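Please look over the sequence and structure shown below before reading the report that follows. The notes take up a few local features in turn.

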Amino acid sequence: MYSPLFPPVHVNTDKACGVAFPFCIVALFSFALFPINGDMSYSIPEEMKQGSVIGNIAKDVGLDVSRLTNRKARIDDEDNSIQYCRINLNTGDLIVKERIDREGLCEKKASCVMKQELVLENPLELHRINIRVQDINDHSPRFREDSLKIEIQESAFKGARFLLDEAYDEDIGENSVQTYALQQNEYFNLKVNTKDAGQKYCELVLNKELDREDKKDIVLLLTAFDGGSPRRSVDGGTPQRSGTATIHVTVLDANDNAPVFDQAVYKANIPENSAVDTVVVTVTATDADEGVNGEVTYEFSRISEKAKKVFSLDSKSGEIKVIGALDFESNSRYELRIEAKDGYGLSSDCKIIIDITDVNDNAPVIYLKSLSNPIAENVSPGTEVGIINVQDRDSEKNRQVRCSIQQGVPFKLLPSIKNYYSLVTTGQLDRELVSDYNITITATDEGSPPLSSSKTVHVSVADINDNPPVFDEQSYSAYVTENNKPGSTLCSVSARDPDWRQNGTVIYSLLPGEVNGAPVSSYLSVNGDTGVIHAVRSFDYEQFRSFKVHVMARDNGSPPLSSNVTVSVFISDVNDNSPQILYPAPEGNSFMTELVPKAAHGGSLVSKVIAVDADSGQNAWLSYHIVKSTDPGLFSIGLHSGEIRTQRDISESDSMKQNLIVAVKDNGQPSLSATCAMYLLISDNLAEVPELKDVSYEEKNSKLTSYLIIALVSVSTFFLTFIIIILGLRFCRRRKPRLLFDGAVAIPSAYLPPNYADVDGTGTLHSTYNYDAYLTTGSRTSDFKFVTSYNDNTLPADQTLRKSPTDFADIFGDSDGSPEAAPTFLKLDQVPA
């Protein structure tokens, strides 16, 4: 801690602006923006141990110790050289960091003050600290030479005085040389005197006349004492120190006059950039004696170690020259003492004061005291990024500095406190545009010529999540053929996010939704990393032809940002559905018979094949072909309409029974088809109609015929038991036709929707044709009703054929009169649209 001789002194005072007027204006302006406080002063002894506490600066300034770390509290030296102190952030104590040697800092100056600065950030705040270093007695007096040689004439009278070399003590004040003591002898006494500056010097006083023949050499011991306490053990003060030199007195023959300088004090000014061998000043001393007694030589009687390195003295001419580099900033004044001696030892001395003048030889130095790096791109304009300190070791006008910053960067320098500047933003930053800045700061002094220096500060811009992902396209379309394989790739979406790292990492997902009442996830999936969309199932064009889904691209920022895009999926048709024949019914289910009048002319409409295809486009384009017929030249079919017409007039030679096999083909690749059988009877009345069953049976293969015969026999046998009951019921009921089957062999009107339209011109009918066939029992008449067509080519058939049951029995071969072989009633209705 503190030495008892030097208790700490804490003073808080305000100082006026002590710099040039222009800087005062800048400082006053900056004080309006940044707080500055009065100087904090402490007084400490030199040579305190490292870690010693100077004082609690946090308490003295009025700061909360807990905020020192957050405010980046630190101690800066005013000239940014050695940092002698530091602050303990946990306690707020100002602590000695490096050895403090007053003599090394201030040499012989009466006052030694270290200027430190307490710097706080957030906001920027500066407290000046003046630490006054008190001298302690840590140096002993010493003489320039251990042996002092004096030559005295034997004719010297009693009381003559001879000047002795001064002892030099690096300490100041009471700790410097205070007195001298001379060894007891019979010839000399010691006289201690004080100079105007308070320095002690001594003279040797002759107390007894000398006799060279009696004693020509005399040896004395001279001791120099400083102001320490000789009784330290009693009073606890600083111990007294001393230094000794041996005086060799040589007795000579008579020498009447000592050299005399023409000036008691010599003063010289020399610029710090003076070259080596530059003459600083020339001292001159004269001696009234002649010969050897009048020859004068010069030598330094007192000179510091620093002065020895920069000045030399010519012992003959008295010229003081520069031998080393001068530096105004290190030492601006030198005080020397020169002694002039004649040939026989008489001497005198003078004082030399050399002032070093400043030249602009130091360029400003830029120090980066603090830097927030990186900085977020969303900081507001005016945000403090860094703190810059500029120092110029020159003085007065040469140390006044102007700072500037390069153009074209969103930053500027604001003068803050003293020689501090704040680096602040001037506009909005955008990392996606510029991610790094190299800011060049230039400092120029006011010297002549001006000197300048530059420093580049690198500032990185930290990314924030301020950009949502953006898709490459406004919408996407995917095309897939039906019956695709599950897992097949449909398309790929891509979104870009200019942000960095996780803020720019894009993840894809499907937004919840439904397609045909099912979750969209049951139809599609998307790869979260690549954006590739896959089909989860196989699609059927006949179920739906297109649908839309929404894909979301989300980044990994906090909070995450996202954007959506619509993906339209179009399913293309493949020829996977065969044509479906609506009329006549497909072969094997039932058979239809059309009556064609014998008077039908060529081109007359006989019937029409109606078919549809569930596919679309060319896959649903249907064409009709007669692949087999009884008489190939009698009937033709419309390629796209399916209408069956006569090619010529009916002749007597034409067979009554005409069988047609019609194939319906689509236009797909490969083409799919379906076939049906059309049975035509050429007859004007039912008496001429042959057995209908034969028409059907002729086209059956033998195996199917066998099955039918077995079925008929089984049914006949089953109903023989009930014949009597059936005959009884027939006479009991009202006489009217009775249906054998509730649904006769027919295409009911509900089966074919009204006004069924063909798809894409496939050639199906634009009108509704209903063909109903009734098989009845118990009726003595059978009706075939034909409705007149509005088409001129339609067969005229508005007639009713009535026959007796015996007539039908002849036609159908009812040999046993069983009900199973009852007549079949056919009713053909043609209803034009």
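## Cysteines and the disulfide

In this predicted model, cysteine 491 counts as buried because its relative accessibility is 13%, which lies under the 20% limit used for that class. Cysteine 85 is likewise assigned to the buried class, with a relative accessibility of 1%.

A search of the whole structure finds 1 disulfide, and this link is formed by cysteine 106 and cysteine 112, whose sulfur atoms are 2.0 Å apart. The link of cysteine 106 and cysteine 112 is right-handed, with 65° about the S-S bond. Both partners are covered by the protein: cysteine 106 is buried at 10% relative accessibility, and cysteine 112 is buried with a relative accessible area of 1%.

Two helices, H7 (702-720) and H8 (723-732), each contribute at least two residues to the nonpolar patch.

## The surroundings of phenylalanine 411

Phenylalanine 411 belongs to strand E31, which covers residues 411-415, and this residue is buried, with a relative accessible area of 3%. When its neighbours within four places in sequence are left aside, phenylalanine 411 is in contact with a set of residues including Ile375, Val385, Ile405, Leu423, Val424, Leu429, Tyr437 and Val459.

Ile439 is also one of these contacts; although isoleucine 439 is 28 residues away from phenylalanine 411 along the chain, their C-alpha atoms are separated by 8.2 Å.

## Strand E53 and its partners

Strand E53 (residues 657-665) is largely enclosed by the rest of the structure, because 7 of its 9 residues are buried. Strand E50 (residues 623-629) runs antiparallel to E53 and is joined to it by 6 bridges; within this pairing, lysine 628 has isoleucine 661 of E53 as its bridge partner.

E53 also pairs with strand E54 (residues 673-682), again in the antiparallel sense, over 9 bridges. Here valine 662 stands opposite cysteine 676 in E54. In a regular strand, side chains alternate between the two faces of the sheet.

How values were computed: Residues numbered from 1 in each chain as written. Predicted model: local features only at pLDDT ≥ 70, side-chain atom pairs only at ≥ 80, totals over all residues. Heavy atoms only, no water. Disulfide = S-S within 2.5 Å. Buried < 20%, exposed > 50% of the residue type's maximum accessible area, 1.4 Å probe, protein only. Helix = DSSP H or I, 4+ residues; strand = E, 2+ residues; numbered from the N terminus. Contact = heavy atoms within 4.5 Å. Pairing = 2+ DSSP bridges.
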